[in-house]
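This report describes a structural model by its helices, its core and selected residues. The sequence and the coordinates are shown first, and the description follows.

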Amino acid sequence: MRRVKHEDSIPHGQVAVLGVLDRDGAMTTSDLAADQRVRPQSMARAVGLLTEQGLVTRRAHPTDGRKSLVELTEAGHAALDAERGRRESWLARAIAAELTDEERELLAGSATLMERLAGR
């Protein structure tokens, strides 16, 4: 996994924020910070960087005028899809190059078990 992180075109923490917004929809900066277990100030910086890159945008909170919601832009969706594709491609190449047929079968069986556990 270290190689994947090393080759990131978007920093890992920012990819995590994009992923949360993709999965859970628009959120406040405070909610994002709680989800990622970071200080609100740190998340505000990350959101600021993502906003500057055009990957997220802010809009008014529908019920609390003091807050704003952060959401993915079309460019954010595209960047996240590209990052996921790059990581999947790297992993597929690593599996093909490094694992024996027996190890690939074991990995496939393990993935099925992990999916079952994740669905709990």
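## Thr73 and its surroundings

Apart from neighbours within four places in sequence, Thr73 is in contact (heavy atoms within 4.5 Å) with Gly54, Leu55, Val56 and Thr57. Thr73 belongs to the loop between β2 (68-72) and α5. Helices (H or I, at least four residues) and strands (E, at least two) are DSSP runs, numbered from the N terminus. Thr73 counts as buried because its relative accessibility is 18%; buried means under 20% relative accessible area, exposed over 50%, and partly exposed in between, with a 1.4 Å probe and protein chains only.

## Basis of the model

This is a predicted model, in which local features need pLDDT of at least 70 and side-chain atom pairs count only at pLDDT 80 or more, whereas totals for chains, interfaces and linings use all residues. Residues are numbered from 1 along each chain as its sequence is written, and side-chain values use heavy atoms, with hydrogens and water left out.

## Helix α5

Helix α5 spans residues 74-98, 25 residues in total. From its first C-alpha to its last it reaches 36 Å, close to the expected 36 Å at 1.5 Å a residue; the expected span is 1.5 Å times one less than the number of residues. The buried residues of α5 are Gly76, Ala79, Leu80, Glu83, Arg87 and Trp90.

Glu74 is found in α5 and is exposed because its relative accessible area is 67%.

## The crossing of α2 and α5

The axes of helix α2 (residues 12-24) and α5 come within 10 Å and cross at roughly 115°. Axes are lines fitted to C-alpha atoms, for helices over the stretch in contact, and angles run from 0 to 180 degrees between N-to-C directions. The crossing of α2 past α5 is left-handed, a term used if the near helix is turned anticlockwise from the far one by less than a right angle, with right-handed used if clockwise.

On the α2 side, the contact is made by His12, Val15, Leu18, Gly19 and Asp22; on the α5 side, by Gly76, His77, Leu80, Glu83, Arg84 and Arg87. By class, this contact has three nonpolar, four polar and four charged residues. Here Ala, Val, Leu, Ile, Met, Phe, Trp, Tyr, Cys and Pro count as nonpolar, Asp, Glu, Lys and Arg as charged, and the others, Gly among them, as polar.

## The nonpolar core

The largest nonpolar core has 19 residues, and those with the most contacts inside it are Leu18, Leu21, Leu32, Met43 and Val56. Such a core is a set of buried Ala, Val, Leu, Ile, Met, Phe, Trp, Tyr and Cys residues joined through side-chain atoms within 4.5 Å. Two or more residues are given to this core by each of α2, α3 (29-36), α4 (40-52), β2 and α5. The largest share, five residues, comes from α2. In soluble globular proteins, nonpolar side chains tend to be buried together.

Beyond its neighbours within four places in sequence, Leu21 is in contact with Ala26, Met27, Leu32, Val56, Val70, Glu71 and Leu72. Val17 is found in helix α2 and counts as buried because its relative accessibility is 1%. Not counting residues up to four places away in sequence, Val17 touches Leu32, Met43 and Leu50. Val17 and Val56 are 39 residues apart in sequence and 9.8 Å apart in space, C-alpha to C-alpha.

Ala16 lies in helix α2 and is partly exposed, with a relative accessible area of 22%. Ala16 and Gln36 are 20 residues apart in sequence, and their C-alpha atoms are 7.9 Å apart in space.

Arg37 lies in the loop between α3 and α4. Although Arg37 is not a glycine, it has a positive phi of about 60°. At 76% relative accessibility, this residue counts as exposed.
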